[in-house]
Amino acid sequence: MNLQKSIGAKITLPLAVLALLCGCQKQEKPVVSSAGGAGIVSAEKTSFDEVTSKLDKGGNLYLYLSTEQVLGGLSAKMSGISNFIGSLPMVSSEQSQTVGKVFNFANGWIKDSGIDQISGVGMSSIAREPGFYYGKLIVHHYPGQNAGAIWTLLGKKPHPLQELDLLPETTVFAMFSDFDVPLAWKDIQKHAEQLETPAVTDALKQWPKVFLDKTGMDFGKVLDSLGGNYGIIFTLDEQKMVSLPLGSAPMDVPSPALAIIAKVNSDVIFKRVDELCKGNPLVVRVDSPDLKMRTMTIPLPLPLELRPSIARSGDYLILATSDTLVQDILAVKAGKKKGFKSTAEFARLSQGIPAEGNNFSLVTAQ
């Protein structure tokens, strides 16, 4: 039986798919060589079948690397190296203690990260069209060996790539990924304590107070408000050309726009920004049932559409270079406007990409 779980998807040019697989051991079978005889069966267990079953053969790149022998028990090997260095006659007692602290930190991080649970890595690349390649990177672990941070920080299980439904038709670059910020902060604190360096641990303990003084927000509440998915959208609108005064001859380029998006479960961040905007005559306020937005108007003649905006709609907090881009994103999400998913470019780029994952990125040919 082969149990597998895809924990990641990327759309890019060239296409790349990042999948974290989990599979149980399969019965190894003799491999038939090109000469027609039975090939050698490995005397050591590897994840070859689990990894290569996800790769594409016959392309310009095909690679499998078993990491079980190298990474298995890595933290124990690090302890042995630490003891060896500490026992060298030219190493003083103080230096030995410093080396011990560094290796203890490395040991703890390796063990908690889950790196030593990686059993194999595979890569493949194959041409879909001349000059258009479909690439894959597979990182594999066996069932039950996924307790480390690397298996959870970027998403515990695949889910529909809903953020594809946010991309305006004019999107030329986009990237979204799951990331557990609260877990990362706890991991940093834990390993900083293991380092036993007072300057570092004291700085981390003081950070919530520093954050409060600088932003006026409770750091813990900000962490709790984060929904675990973040992304960026960059668009170029050819229907709105702008003239940039570059050198002696102005250059006309499609109007650019940028949005940074985060999933949130509360208004902690938006409310703080709203408080700072109160009383400012340059701020335009929008308060509707499905959208809260604050836009800063800039009373200067600029060649670019620049009206910095922050918006909260549904589960999303959006920072954008203009309120127009915010409205476009929400119109696409609501199905009121065509998005990038409706384009021929997306149909070309998305061939073979999983419908579920924890991240994606894309770059168009524009």
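Trainee: In this predicted model, which residues of α5 are buried, and what makes a residue count as buried?

Mentor: A residue is called buried when its relative accessible area is under 20%, and in α5 that description applies to A184, W185, H191 and A192.

Trainee: Why are the buried residues of α5 said to line one face of the helix?

Mentor: When you look down the axis of α5, the buried residues fall within an arc of 140°, so they line one face of the helix. On the other side of α5 you find K186 and E193, which are exposed, a word kept for a relative accessible area over 50%.

Trainee: How do you know that the span of α5 agrees with what a helix should have?

Mentor: Helix α5 has 15 residues, 181-195, and at 1.5 Å a residue they should span 21 Å; because the end C-alpha atoms are 21 Å apart, the two values agree.

Trainee: Where does α6 have a kink, and which of its residues are buried?

Mentor: The kink, of about 45°, lies at W207, shortly before the proline P208. The buried residues of α6 are T201, L204 and F211, and they pack against α5 and α7.

Note on methods
Residues are numbered from 1 along each chain as its sequence is written. This is a predicted model: local features need pLDDT of at least 70, side-chain atom pairs count only at pLDDT 80 or more; totals for chains, interfaces and linings use all residues. Side-chain values use heavy atoms; hydrogens and water are left out. Helices (H or I, at least four residues) and strands (E, at least two) are DSSP runs, numbered from the N terminus. The expected span of a helix is 1.5 Å times one less than its number of residues. Buried means under 20% relative accessible area, exposed over 50%, partly exposed in between (1.4 Å probe, protein chains only). The arc is that of the directions from the helix axis to the C-beta atoms. The bend at a residue is the angle between axes fitted to the seven residues ending there and the seven starting there. Contact means heavy atoms within 4.5 Å.
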